[in-house]
Amino acid sequence: MFQTLKKYIVGIFYSLPVQLLLLHFKRYQLLLVFWYILFATVSGNFMQSFGANSLYLAPEYLGKVNALSTAFVGFGIGVFMMSWNISTFIVNTKHIRFLATTAQPFLKYCINNAILPLLFLFFYFYNAVNYATDQELISTTDIIILVSGFLGGFVLSIFIAFAYFFSADKTIYRRMGNVILRANKKYERSLKRQPILKQKGDVRVDWFLSASFGLRKPRNVNHYSQEFFDAIFKRHHIAAVLAILFAFICLLVIGFFSDNDIFQVPAAASITVFFAILITVETAFSLFLGSWVLPALLALYLGINWMYGQNIIDPRNKAYGLNYTNENERPSYNRDSIMQMVAPENTEADKQVFLNMLQNWKNKQADDKPVLFIINTSGGGTRSATFTLNVLQKLDSLTQGQLMPKTFLINGASGGMLGAAYFRELYLQKSKNKTINLQNRSYDENISGDLLNPLFTSLISRDIAGPVRTFQSGGHWYVRDRGYAFEEKMNDNTKGILNKTIGDYREAEYKADIPLMFFSSTITRDGREMVISTHPARFLMQPITDSDHIAQTDPDLIDFTSFFARQDPLNLRLLSALRMNATFPYVLPNVWLPTNPVIDVMDAGLRDNFGQETTLRFIDNFKDWLQQNTSKVVLIQIRDRQIGDWEKPYEPSSVLSSVTKPILLLQNNWYKLQDYFQIDQLNFLAKNYGQQFYKVSFQYVPSNINASAALNFHLTASEKIDIEAALSNPYNMKSFTEISELLK
């Protein structure tokens, strides 16, 4: 019995499926990186904070998760698997030469190389079904439909691939008759001189699966010449390269026409097809360049870097509407020019404009000393945008429409500003006698709509692989990239009402018809904050200090409108201002600005995730007017996370995480550090201002602390429900009551 068991174990071990799997791990580990990324992404262990798993587990096409959207993903995964088979077939054939003597060698190779693909399919379906059930709240019937769609797309891609290679096999063997004859004659002659020995590169294979899934022993091929193998496999390699070239052309077509909704395929499909292309390119480099791969990649990098330095290629993203054309008029980003901006005559002139705006606001109030609200909203992707809109809707209902008329300033970061800007525009539309119900649930659906899918689709099909295409905005030309895709999708989700320039709000803000908004971002060059508004606000560029006792510091904030006075600053697209405010690292590109030297900006949350720092500086500048003309100043803070956040400490869970703890400590506690610092700021201002200053906070606290809404640009159905439910938690209910009391 032991001998029988040993025989089976040895037979399994030396089977072609097992030997191929071991060969991948032994020789071509780099190709396995793509499999690792797919497994880790689907399981939620890779880029989950960016929402990568949702792209695969809940793919959207034309705004819906349905059988067609999953079919695209299934087709893309099928293309990836076939590319994997093609690439490994090319590099492994020298170790399994007996396949060349069989009919349809590539088909047999795919069958015997199916362990890893099958494991992934089972793993994918397990995670997809759980995700659809727990996160998207999809019924069993609909899940079956989604799975059927995926299988339909997957089977279609496999069928097309095998139909192509079956035809190629027939053509190859029709043309190889003479080569086979010459190989046999050469073998007969060689036998007369010396016996043919087994090649060292061949792996031991005792059996393999045939095209009909039967067990077959490999043929002895020692008598075939290398010329024969080279001729057979070379033709298969050419057929494989043509197949993947066709996939690359399809990706280019998708990128070129992706402005059309029909061509905006699920991002997971584009990403997976791109992985398929990368596998083929990597294999080609290794096959043809051998040990020269690293020097070739270095030369490629240096060439691209040189073209970038010579402005031959320019992948940098721009702020749409801003004038980049006249390089001679670009402002100098240095200490002297910045200090000129904060000259006393400039700051006083700007303050007078804002005092006029404050007076216009007061003239619209019913009371002689009204309550003035300032709203701060935190960053946090789509979850913050949705939570902010939900809070503002409920506050508007609770105050019987008094919230927005009594609000003078809205400030914040990232996703929260998306929700606040959308609500402000809806309020503006309603004030123009349009039939708008600010509590309409459709607005929640609009602001919580997916923004992640077009971002990644554009990243792959345009930014990396696609041809450069341009578009016009405000009389200037810009490149279509994932920044453009984000703005267009945001515009589509909100039904086009945010498709304006910031200058379109200038008069309404000045007359106090709507609250003023500051759009912030962080300058990566030195960490200074850049604030965008419809009116110059140079008085914000420095904190107020007692110059008799404390030396004045250099400005730590740049006023966008005055700094770019020659670049049409008010022509800046509102959606671009929001994107600059919400430049999620890596997902969205940093925005470079026409300065000398060039600077670029990213997410406001890097400097002030809660919008509080700029707000407190604003209050400090107008403290005297506020104390004389208002009964209360109420700071409403809308947060996408708890104050303190004791539930999520940074705890190393492995030896590696202990080593990386000093590096990641700042990253994991960045927002907490801002909180600690800003609480001190707030307490100091409140004490200095007096008893009529109040702060009321609203917090998104998930019902399940281990299943909070992800910080990205995609929300699942269960996350949307959880965000809405957060309004009713005890802390927020108390805050709603406080607002009602403050209005009395």
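## How two helices pack

At what angle do helix α3 and helix α5 pack, and how far apart are their axes? In this predicted model, helix α3 (residues 29–43) packs against helix α5 (residues 67–92) at about 160°, and 11 Å separates the two axes. Angles over 145 degrees count as roughly antiparallel, so that is how α3 runs relative to α5. Their crossing is left-handed.

Let's look at the side of each helix that takes part. From α3 come Leu 31, Leu 32, Phe 34, Trp 35 and Leu 38, and they meet Phe 80, Met 81, Trp 84 and Thr 88 of α5. Sorted by class, this contact holds eight nonpolar residues and one polar residue, with no charged ones.

## The second largest pocket

At least two residues each are supplied by α8 (140–175), α18 (441–447), α19 (452–464), α20 (482–493) and α28 (717–725).

## What the lining is made of

How do the residues of this pocket's lining divide by class? There are 14 charged, 14 polar and 11 nonpolar residues in the lining of the second largest pocket. For the contact of α3 with α5, by comparison, the tally is eight nonpolar, one polar and no charged residues.

Conventions
Residues are numbered from 1 along each chain as its sequence is written. This is a predicted model: local features need pLDDT of at least 70, side-chain atom pairs count only at pLDDT 80 or more; totals for chains, interfaces and linings use all residues. Side-chain values use heavy atoms; hydrogens and water are left out. Helices (H or I, at least four residues) and strands (E, at least two) are DSSP runs, numbered from the N terminus. Ala, Val, Leu, Ile, Met, Phe, Trp, Tyr, Cys and Pro count as nonpolar, Asp, Glu, Lys and Arg as charged, and the others, Gly among them, as polar. Axes are lines fitted to C-alpha atoms, for helices over the stretch in contact, and angles run from 0 to 180 degrees between N-to-C directions. Angles under 35 degrees count as roughly parallel, over 145 as roughly antiparallel, 65 to 115 as roughly perpendicular and the rest as oblique. A crossing is left-handed if the near helix is turned anticlockwise from the far one by less than a right angle, and right-handed if clockwise. Contact means heavy atoms within 4.5 Å.
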